[in-house]
Amino acid sequence: MRYMVIVKSTPDGYDVPPTREMFEAMDRYNQSLRDAGVLLALDGLAGPREGARITFSNGKPHVTDGPFAEAKELVAGFWILQVRDKEEAIEWAKRIPFSNGESVEIRRVSEASDFADVMSPEAIAREDAMRAELSRKSN
């Protein structure tokens, strides 16, 4: 199963740059994920000042440039892990070298087969083929 570990931050959190020690600790953690063969992807995200939010109303998009004053939590980065189950994802997340109130959220990545009641077998096969192709391109 694939799980996304989502790093959460407050808007103020983007104003405090990580220390060299934090980068080194994160590098060791990321290498341990890679060495264990569970790491599929990872990235940090630029702050909300560089982002935009698109909301839809009656089928029409409305764009709001960041930062987002009303936001209490922002996604700051993520890992995607290939693990046996949620418990294994939690065990890996508990090893993240955070120490100052940071938090992460763990979510299972949906598979096309999760929607078999509304997707045709052909649509599921196309989706699975597309994911396999994207996976080959990223390796």
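This report describes selected residues of a predicted model.

## A nonpolar surface patch

Three residues, Ile54, Phe56 and Val63, make up a nonpolar patch on the surface. Together they present about 320 Å² of accessible area.

Val63 belongs to strand E4, which covers residues 60-65. Its relative accessibility is 51%, and Val63 therefore counts as exposed, since the exposed class begins over 50%.

Asn30 is located in helix H1, a segment of residues 20-36. Asn30 counts as buried because its relative accessibility is 17%, and buried means under 20%.

Apart from neighbours within four places in sequence, Asn30 is in contact with Leu39, Leu42 and Trp79.

Ser9 is part of strand E1, formed by residues 2-9. With a relative accessible area of 14%, Ser9 is buried.

When residues up to four places away in sequence are not counted, Ser9 touches Tyr14, Lys72, Glu73, Leu74 and Ala76.

## An exposed loop residue

Ala69 is found in the loop between E4 and strand E5, the latter covering 74-82. Ala69 has a relative accessibility of 79% and so counts as exposed.

The separation of Ala69 from Pro97 can be stated in two ways: the two residues are 28 residues apart in sequence, and their C-alpha atoms are 28 Å apart in space.

Key. Residues are numbered from 1 along each chain as its sequence is written. This is a predicted model: local features need pLDDT of at least 70, side-chain atom pairs count only at pLDDT 80 or more; totals for chains, interfaces and linings use all residues. Side-chain values use heavy atoms; hydrogens and water are left out. Patches are made of residues with over 30% relative accessible area and no salt bridge: like charges are joined within 9 Å, nonpolar side chains (Val, Leu, Ile, Met, Phe, Trp, Tyr) within 5 Å. Accessible areas come from the Shrake-Rupley method with a 1.4 Å probe; for residues, only the protein chains shown count as cover. A salt bridge is a side-chain nitrogen of Lys or Arg within 4 Å of a carboxyl oxygen of Asp or Glu. Helices (H or I, at least four residues) and strands (E, at least two) are DSSP runs, numbered from the N terminus. Buried means under 20% relative accessible area, exposed over 50%, partly exposed in between (1.4 Å probe, protein chains only). Contact means heavy atoms within 4.5 Å.
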